[in-house]
Amino acid sequence: MLKENREKTEYQERLEMVVDKIENLGFENIKADLPELETPGKLVNQNNKDVFVPDITADSKSGRKAYFELSNKVKDTQKLVNKWKLLATMASIRDGIFQIFVPHGTMKFTKDLVSKYNIPVELVKL
């Protein structure tokens, strides 16, 4: 999710829910913008110098880097698409994982963006 949408309480609740799911799946070294966790590192898009912070990052037991996002409807989708493309590229380079957790009511929005821009990602219902 983009930083301007992170201030909402609903986002924090969903983020905690996703972190719990990821922990239960056995991921380690989980980073998220929550008080008890370290914030994920920033990624810079070399094409336009935009700075993105993944919602959640973690390491799998096999050592693969994983990037997780929470989908949220936004009017200006270009930055969101750029962020997702960058995360998909990073996951691909590192033989990692990229998943977008999709809350109720945002599946069509998310599927449309992912297919329109050909973003290789696994969508997970929340």
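Analyst: Contact here means heavy atoms within 4.5 Å. By that rule W84 touches E69, S71, F98, I100, T110, L113, V114 and I119, leaving aside residues up to four places away in sequence. Keep in mind that this is a predicted model.

User: Which residues have the most contacts inside the largest nonpolar core?

Analyst: Y67, W84, F98 and I119 do, in a core of 20 residues. Helix 2 (78–93), strand 6 (97–102) and helix 3 (107–116) each give two or more residues to this core. The largest share, eight residues, comes from helix 2. A second, separate core has 16 residues, including Y11, L15, A32 and I97.

User: Why is the pair of F27 and F68 called edge-to-face?

Analyst: Ring centres must lie within 6.5 Å to pair, and planes over 60 degrees apart count as edge-to-face. For F27 and F68 the centres are 5.3 Å apart and the planes stand at 85°, so the pair is edge-to-face. F27 lies in the loop between helix 1 (9–24) and strand 1 (28–32), and F68 in strand 5 (residues 65–70), so the pair ties together parts that are 41 residues apart in sequence.

User: What makes F27 and F68 count as buried?

Analyst: Buried means under 20% relative accessible area. F27 has 15%, so F27 is buried. F68 has 1%, so F68 is buried too.

User: Why is the pair of F68 and F101 called tilted?

Analyst: Planes under 30 degrees apart count as stacked, over 60 as edge-to-face and the rest as tilted. The planes of F68 and F101 are at 50°, with centres 6.0 Å apart, so this pair is tilted. F68 lies in strand 5 and F101 in strand 6, so the pair ties together parts that are 33 residues apart in sequence. F101, at 3% relative accessibility, is also buried. F27, F68 and F101 form one aromatic cluster.

User: How do you know that strand 6 is covered on both faces?

Analyst: On one side I97, Q99 and F101 are buried, and on the other F98, I100 and V102 are buried.

User: What makes strand 5 and strand 6 a pair?

Analyst: Two strands pair if there are at least two bridges between them. Five bridges join strand 5 to strand 6, so these parallel strands pair. F68 stands opposite Q99 in strand 6. Strand 6 also pairs in the parallel sense with strand 7 (residues 122–125), over four bridges. There, the bridge partner of I100 is L123 in strand 7.

Note on methods
Residues are numbered from 1 along each chain as its sequence is written. This is a predicted model: local features need pLDDT of at least 70, side-chain atom pairs count only at pLDDT 80 or more; totals for chains, interfaces and linings use all residues. Side-chain values use heavy atoms; hydrogens and water are left out. A nonpolar core is a set of buried Ala, Val, Leu, Ile, Met, Phe, Trp, Tyr and Cys residues joined through side-chain atoms within 4.5 Å. Buried means under 20% relative accessible area, exposed over 50%, partly exposed in between (1.4 Å probe, protein chains only).
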